[in-house]
Amino acid sequence: MEQKLVALSGNEAVAYAFKQARPHVAAAFPITPQTEMMHKYADFVANGESSTEMILVESEHSAMSAAIGSAAAGARTFTATSSAGFALMWEVVYIAASLRLPICMALVNRALSGNINIHCDHSDSMGGRDAGWIHLFSENAQESYDNAIMAWRIAEHMDVRLPVMVNYDGFIISHTADALYMLPDDAAWKFIGKYNPAYTLLNPEKPITVGPLDLTDYYFEHKTSQLAAYEKAPAIIQQVSDEFAELTGRRYGFAEEYRLDDADLVMVLLGSSAGTCKDVIDQYREKGVKVGLLKLRTFRPFPAAYLAKVLGGRKAVCVLDRSASFGGQGGPLFMETRSAMYGLQVPVHGYIYGLGGRDFDLRQAATVIENLQKVAAGGELKDINLLGVRL
Amino acid sequence: MSGKMVEIRWHARGGQGAKTAAMFVAEAVLTKGKFGQGFPEYGPERRGAPMRGFTRISDVPIRRHCMIENPGIVIVLDSSLLDSPAAGVTAGTSKDTVFLVNTTDSPAAVAKKLNVKGAKVHTVDATGIALETIGRPIPNMPMVGALLAVDDLLTVEELKSALVDQLGSKFSQVVIDGNLAAVDRANKELVSA
């Protein structure tokens with residue numbers, strides 16, 4: 001497949017990907033660093049390159065509410081937000097998932113207030129981790145674009161029918177011009193395909209009820225059906241990713257394994273800091289240190305069995321969280337990973353790093369590797385450590 | 001693998017076009033089969049406030065997504081930043097760093113101000129050139145033209161072709177011609193120590 005090499009910001013790349021899905025409706029409210037993405041999309045519409053109906057609402061709560069109404073009516077629908085915008089959507093984020101509406105959302109990861117900060121961390125996404133969405137994370141503009149193409153196929157698959165959020169790091173990816181390969185419009189459309197809603201709100205031939213009162217009689221059964229969708233989602237995510245690999249040559253799964261085959265030491269993380277770690281891992285590999293990286297792509301559904309399989313037998317594992325869980329046992333990714341590793345007898349420790357966009361640099365990655373070496377040699381380290389902060 | 005990577009740090013004031021230049025160079029090198037990454041440092045964005053931009057260029061895909069701490073090239077769009085320690089123009093630099101400064105001062109005078117031992121300093125009156133060619137004191141594109149005189153990332157013709165692509169849909173022919181002339185002049189008028 002002939003693909004065009006372009007330099008685009010992450011926001012522009014995702015706007016293109018969404019346009020290629022020919023969505024019927026987009027409802028959004030601007031918030032930094034997501035604004036540029038919807039700005040680009042609005043350009044497509046204004047220039048006649050997209051026939052998407054843009055609903056410009058007065059808040060993110062309304063954006064998600066409009067997306068829910070639109071998706072329930074049978075329209076392919078997306079939205080996008082960041083940080084406090086996602087927080088304001090809170091109650092309706094759950095409703096989108098409960099109604100099994102395959103809405104796609106770009107979540108351009110940004111710290112939550114206060115104090116006010118516009119830069120990247122993952123606390124926005126983590127706040128919604130139990131809401132019933134599929135969470136895909138991206139390392140760079142290429143992965144943001146690719147995830148935003150695949151998201152539709154995953155969300156709309158009849159075994160899944162769950163909303164999907166495509167996460168990419170605010171500014172670090174959203175506002176950085178990066179080289180990426182883009183599919184031609186017709187190839188992307190052929191891959192994504194037309195959306196066939198199973199039920200629509202406005203079909204008198206097949207009347208349905210959406211969002212009724214659901215008390216002690218059936219609520220639990222409906223939640224059980226959501227849990228069941230999560231059971232089926234991993235196989236569909238892999239199937240869609242494999243088809244995407246056939247088309248593009250870019251292979252995706254639940255995670256990317258970087259120099260992991262013979263690695264004694266493993267770093268586990270999400271998002272853009274993976275690239276920085278890869279450069280430093282190469283430096284340590286040249287010195288003979290057997291270190292590798294596991295970059296998670298799907299945080300929900302969380303691939304626990306896969307992690308247990310991959311992390312078993314290692315000498316030391318560490319988990320890097322770009323968000324804190326105040327009063328919890330480490331960051332969300334650490335808690336999930338350590339739980340997945342139950343019984344493996346592999347030492348695991350965690351870091352909190354990069355809050356509010358604090359630069360994750362080459363030195364921090366080197367510190368992480370050197371600490372892994374110490375732990376593998378029998379040294380002690382706290383469960384939770386802070387990285388790159390003034391103490 | 002990292003391969004050979006050129007790392008450029010841009011120092012400017014809001015409104016001088018450093019963000020555009022940092023991202024434009026990253027895009028323009030794609031035509032040469034190279035990979036580029038360009039990004040600004042976002043803070044309180046306002047006209048006149050000191051800001052930094054970053055560009056990486058490499059023969060292989062660029063994976064790291066951190067700030068540039070040890071730039072090979074430092075480009076200063078506003079010479080008043082040389083007097084501001086907070087701007088950090090010399091931070092992380094070494095004797096191998098190339099400085100490219102928009103000023104009417106001589107490279108020797110700038111070198112003295114920078115106080116970096118053995119620094120390779122080049123100067124160009126990018127603001128003057130911009131005023132005469134574009135008609136506005138926006139020194140970003142002349143500085144890109146001057147950059148090509150200190151590093152052969154692209155030929156001037158390749159850059160100009162990328163510039164036409166970039167500006168083509170947004171600006172009038174007069175503005176495009178002004179920018180092309182600015183690139184040419186700055187490339188030729190660079191003064192080296």
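Let's start with the sheet: 9 strands build one open sheet with mixed pairing, and they run in the order β1(A)-β8(A)-β2(B)-β3(B)-β1(B)-β4(B)-β5(B)-β6(B)-β7(B). Its edge strands are β1 (4-8) of chain A and β7 (191-192) of chain B, each of which pairs on one side only. Keep in mind that this is a predicted model.

Strand β4 (residues 73-76) of chain B lines up with strand β5 (residues 98-102) of chain B in the parallel sense, over 4 bridges. If you want a spot to look at, find Val74(B), whose bridge partner in β5(B) is Phe99(B). As for what holds such pairs together, strands of a sheet pair through backbone hydrogen bonds, either parallel or antiparallel.

A helix sits on the sheet here too. Helix α4 (residues 140-150) of chain B packs on it and touches β4, β5 and β6 (120-124) of chain B. The direction of α4 makes about 150 degrees with that of β5(B).

Now step back to chain B as a whole. There are 6 helices and 7 strands in chain B, and along the sequence they follow the pattern β-α-β-β-β-β-α-β-α-α-α-α-β. The radius of gyration of chain B is 15 Å, close to the 16 Å that the globule rule gives for 193 residues, so chain B is as compact as a globular protein of that length. Along the principal axes, the C-alpha atoms of chain B fill a box of roughly 45 × 40 × 35 Å.

| Domain of chain A | Residues |
|---|---|
| domain 1 | 4-248 |
| domain 2 | 255-387 |

The centres of domain 1 and domain 2 of chain A, taken over C-alpha atoms, are separated by 28 Å. Where they meet, 24 residues of domain 1 of chain A are in contact with 20 residues of domain 2 of chain A. On the domain 1 side, α5 (123-127), β6 (134-137) and α8 (219-248) of chain A each supply at least two residues. That side divides into 14 nonpolar, 6 polar and 4 charged residues.

One last stop in chain A is a pair of helices. The axes of α6 (residues 141-156) and α7 (residues 185-192) of chain A come within 9 Å and cross at roughly 25 degrees. Angles under 35 degrees count as roughly parallel, and α6(A) and α7(A) are therefore roughly parallel to each other. In this contact, Ile149(A), Trp152(A) and Arg153(A) from α6(A) meet Ala188(A), Phe191(A) and Ile192(A) from α7(A). Those residues divide into 5 nonpolar, no polar and 1 charged.

How values were computed: Residues numbered from 1 in each chain as written. Chains lettered and ligands numbered in written order. Predicted model: local features only at pLDDT ≥ 70, side-chain atom pairs only at ≥ 80, totals over all residues. Axes fitted to C-alpha atoms, helices over the stretch in contact; angles between N-to-C directions. Parallel < 35°, antiparallel > 145°, perpendicular 65-115°, else oblique. Contact = placed C-beta atoms within 7 Å. Nonpolar A, V, L, I, M, F, W, Y, C, P; charged D, E, K, R; others polar. Domains from an automatic or database assignment. Pairing = 2+ DSSP bridges. Rg over C-alpha atoms; globule rule 2.2 N^0.38 Å.
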